[in-house]
Amino acid sequence: MNETYAEYLIKRKTPAYAWIIIGLLGLITAFFIFMALTGGIISMILMFVSGFLTYMAYRNFHVEFEYLYVDRQLNVDRILGKAKRKKAYECTMDEIQLIAPSGAHVLDDYRGGKVLNCASREPGAKTYTAVVQKSGETVKLIFEPNDKMLQCFRQTAPRKVMQ
């Protein structure tokens with residue numbers, strides 16, 4: 001059986017404002033911990049609430065994407081805080097119309113539709129855009145495949161992959 005397989009994990013750049021938000025929430029949590037030690041049930045409740053909000057902010061700002069290509073099926077998973085995995089997008093090579101480097105002139109023909117950015121947002125990163133037509137809806141999937149994944153795309157559908 002001629003099965004193609006490639007996987008790649010990429011970490012999204014955490015924005016600068018995220019560190020400020022997480023730091024402020026951490027300071028608020030520390031304040032309510034001190035207040036809970038000195039007394040009061042309300043301070044105890046606020047301590048748990050602010051601690052939970054700090055945890056959620058940390059988890060949602062630290063995002064990784066895993067690209068998995070197996071036998072003409074592309075799966076993109078979002079991993080939050082290295083703990084929770086959610087399916088971001090899934091498509092087959094039959095649904096993919098075109099895979100080209102982001103900013104290529106070939107993509108000018110595909111305007112409109114939903115844009116799903118699953119890239120690292122690092123400056124200078126080489127991103128690709130996959131134009132997917134699925135159940136009458138056009139989706140532009142922006143991602144950063146490695147060379148092995150691009151080779152698998154070319155092997156299964158060479159006319160759909162532009163360089």
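1. Glu66 has a relative accessibility of 14% and therefore counts as buried, the cut-off being under 20%. This value, like the others in this note, comes from a predicted model. The side chain of Glu66 meets that of Arg85 in a salt bridge, with 2.4 Å from N to O. The two residues come from distant parts of the chain: Glu66 belongs to strand 2 (residues 63-70) and Arg85 to strand 4, 19 residues apart. Arg85 has a relative accessible area of 48%, so it is classed as partly exposed.

2. The structure holds 4 salt bridges. Another of them joins the side chains of Arg72 and Asp94, at 2.8 Å from N to O. This pair also links distant parts of the chain, 22 residues apart: Arg72 sits in the loop between strand 2 and strand 3, and Asp94 in the loop between strand 4 and strand 5 (96-101). Asp94 is exposed, with 59% relative accessible area, whereas Arg72 is partly exposed, at 31%.

3. Glu90 and Lys87 also meet through their side chains in a salt bridge, with an N to O distance of 3.2 Å. Glu90 is partly exposed at 30% relative accessibility; Lys87, at 54%, is exposed. Salt bridges with shared partners join Glu66, Asp77 and Arg85 into one network.

4. On the aromatic side, a search of the whole structure finds 6 aromatic pairs. Tyr17 and Phe61 form one that is edge-to-face, with 5.8 Å from centre to centre and 85 degrees between the planes. Tyr17 is in helix 1 and Phe61 in helix 2, 44 residues apart, so the pair links distant parts of the chain.

5. Ring pairs also link Tyr8, Tyr67, Tyr69, Phe143 and Phe153 into a cluster. A separate contact involves a charge and a ring: Lys134 lies over the face of Tyr89, at 5.2 Å from the ring centre.

6. Helix 1 (16-38) has 23 residues, and the distance from its first C-alpha to its last is 34 Å, close to the 33 Å expected at 1.5 Å a residue. Its buried residues are Ala18, Ile22, Leu25, Thr29, Phe32 and Ala36. Helix 2 is included in what covers the buried residues of helix 1. Just after helix 1, Gly39 takes a positive phi of about 130 degrees.

7. In helix 2, the buried residues are Ser43, Met47, Ser50, Thr54, Ala57 and Arg59. Their cover includes helix 1, strand 3 (73-80) and strand 4 (84-92).

Note on methods
Residues numbered from 1 in each chain as written. Predicted model: local features only at pLDDT ≥ 70, side-chain atom pairs only at ≥ 80, totals over all residues. Heavy atoms only, no water. Helix = DSSP H or I, 4+ residues; strand = E, 2+ residues; numbered from the N terminus. Expected span 1.5 Å × (residues − 1). Buried < 20%, exposed > 50% of the residue type's maximum accessible area, 1.4 Å probe, protein only. Contact = heavy atoms within 4.5 Å. Phe/Tyr/Trp six-rings, centres within 6.5 Å; stacked < 30°, edge-to-face > 60°. Lys NZ or Arg CZ within 6 Å of the ring centre and 35° of its normal.
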